[in-house]
Amino acid sequence: MKKALITGIDGQDGSYLAEFLLRKGYKVHGIVRRVAIEDPGYHLWRINHILDKIVIHPGSLESYASMFKIVEKVKPDECYHLAAQSFVSYSFEDEFSTLNTNINGTHFVLSAIKERAPKCKFYFAASSEMFGQAKETPQNETTAFHPRSPYGISKVAGFYLTQNYREAYDLFALSGILFNHESPRRGFEFVSRKISNAVAEIKLGVSNRLHLGNLNAKRDWGFAGDYVRAMWLMLQQDRPEDYVIATGKAHSVKEFAELAFDYAGLNWKKYTIIDKMLYRPSEINVLKGDSGKARKRLDWGPTVTFEGLVKMMVESDLDRVKKMHTKIKR
Ligand code: G4F
């Protein structure tokens with residue numbers, strides 16, 4: 001039985017990937033922060049339903065010793081390094097911790113694998129944020145990086161660390177350059193979930209306002225469940241290579257909001273307030289990916305459309321807020 005180790009197994013992608021790998025017959029190990037184990041109801045809500053099928057290890061990305069011990073103990077066949085401070089806005093507020101956690105964390109995991117599990121295949125969660133103010137659209141594996149946030153910079157560093165471990169130490173190490181991917185398990189700080197949650201709360205009378213920043217920013221939004229399949233496919237290839245994963249279609253934040261409110265029979269203009277405080281010091285206006293290489297070599301493609309994704313998220317939040325509200329009323 002193959003062993004997989006997932007850092008950040010309690011996040012959106014980690015939870016979908018764990019389910020996917022369990023279905024494939026893997027023994028799944030995951031790393032979470034100790035605080036998450038102390039309060040699993042709150043922190044582990046995305047993986048509560050599979051906790052009896054996976055092995056959880058408490059660990060800190062900030063500690064080499066911690067990563068080393070877990071890699072040595074598990075000796076994984078595949079390692080998916082997903083854990084990071086992944087909220088772009090916050091990376092401007094605390095540049096130092098974002099760079100420390102994201103760069104050192106990746107370095108620690110790579111180094112531990114090199115020392116204790118050199119045959120392990122390593123996946124690094126790179127990001128379309130690395131392209132930033134890109135010179136070309138759509139972006140593919142050859143597009144130059146021009147990151148526009150400390151988060152983007154940390155991912156560029158992780159990308160090159162991964163490349164260097166591949167070239168210098170012959171590790172099967174690669175990066176998936178994933179464009180935005182969302183789901184009902186997305187964190188509430190990201191704009192897609194912020195909108196779907198607000199729509200549900202407004203529809204059910206729990207709230208009456210949605211504050212948003214830059215409505216004109218365009219992103220290439222896909223469904224996270226599709227994207228974890230791509231991660232796995234990358235590690236099943238004969239050679240370690242980097243891949244862009246995207247839908248190839250970009251939509252604005254305004255379009256997302258309009259569609260989400262529409263599904264609930266509401267007019268977005270009536271409830272949305274533009275808040276300049278939510279603008280970023282340096283924004284990326286458009287990101288749109290060309291995943292031609294993945295489509296050809298991995299036979300990968302998205303199964304959920306933009307419209308399908310927005311509907312899925314709004315329906316899920318309507319259901320959740322309704323249940324929560326009924327509970328409170330009782
Ligand atoms: O949802 P976002 O915060 O995602 P962002 O910054 O594109 O980053 C996400 O995708 C990356 C690529 O895969 C990941 F690497 C990264 O970790 C993260 O998952 O913001 C999307 C856009 C931005 O242009 C932002 O300025 O929405 C704009 N926006 C407008 N109003 C807002 C808001 N973003 C947030 N979070 N909150 C707002 O109120």
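Predicted model: local features only at pLDDT ≥ 70, side-chain atom pairs only at ≥ 80, totals over all residues.
Me: Which backbone atoms lie by nitrogen atoms of the ligand?

Reply: A polar backbone atom of glutamate 189 is 2.9 Å from a nitrogen atom of the ligand. For glycine 213, a backbone N or O atom is 2.8 Å from a nitrogen atom of the ligand. The protein buries 96% of the 720 Å² that the ligand exposes when taken alone.

Me: Which residues around the ligand come nearest?

Reply: There are 25 residues around the ligand, and Ser86, Ser127, Tyr151, Arg280 and Glu283 come nearest. By class, the shell holds 11 nonpolar, 7 polar and 7 charged residues.

Me: Why does the ligand lie between domain 1 and domain 2?

Reply: Both domain 1 (3-182 + 222-245) and domain 2 (191-219 + 249-287 + 304-329) give residues to the shell around the ligand, so the ligand lies between them.

Me: How do I read the largest nonpolar core, and which residues in it touch the most other members?

Reply: Start with the general idea. In soluble globular proteins, nonpolar side chains tend to be buried together. Here the largest nonpolar core has 65 residues, of which Ile6, Leu21, Tyr80, Tyr123, Ile195, Met234 and Phe261 touch the most other members. Helix α9 (residues 224-235) gives the most to this core, with 9 residues. Domain 1 and domain 2 each supply at least three residues to this core.

Technical notes. Residues numbered from 1 in each chain as written. Heavy atoms only, no water. Near = heavy atom within 4 Å. Polar contact = N/O pair within 3.5 Å; in protein donor to acceptor, adjacent residues only side chain to side chain. Areas by Shrake-Rupley, 256 points an atom, 1.4 Å probe, with all protein chains shown as cover. Nonpolar A, V, L, I, M, F, W, Y, C, P; charged D, E, K, R; others polar. Domains from an automatic or database assignment. Core = buried A, V, L, I, M, F, W, Y, C linked by side-chain atoms within 4.5 Å. Buried < 20%, exposed > 50% of the residue type's maximum accessible area, 1.4 Å probe, protein only. Helix = DSSP H or I, 4+ residues; strand = E, 2+ residues; numbered from the N terminus.
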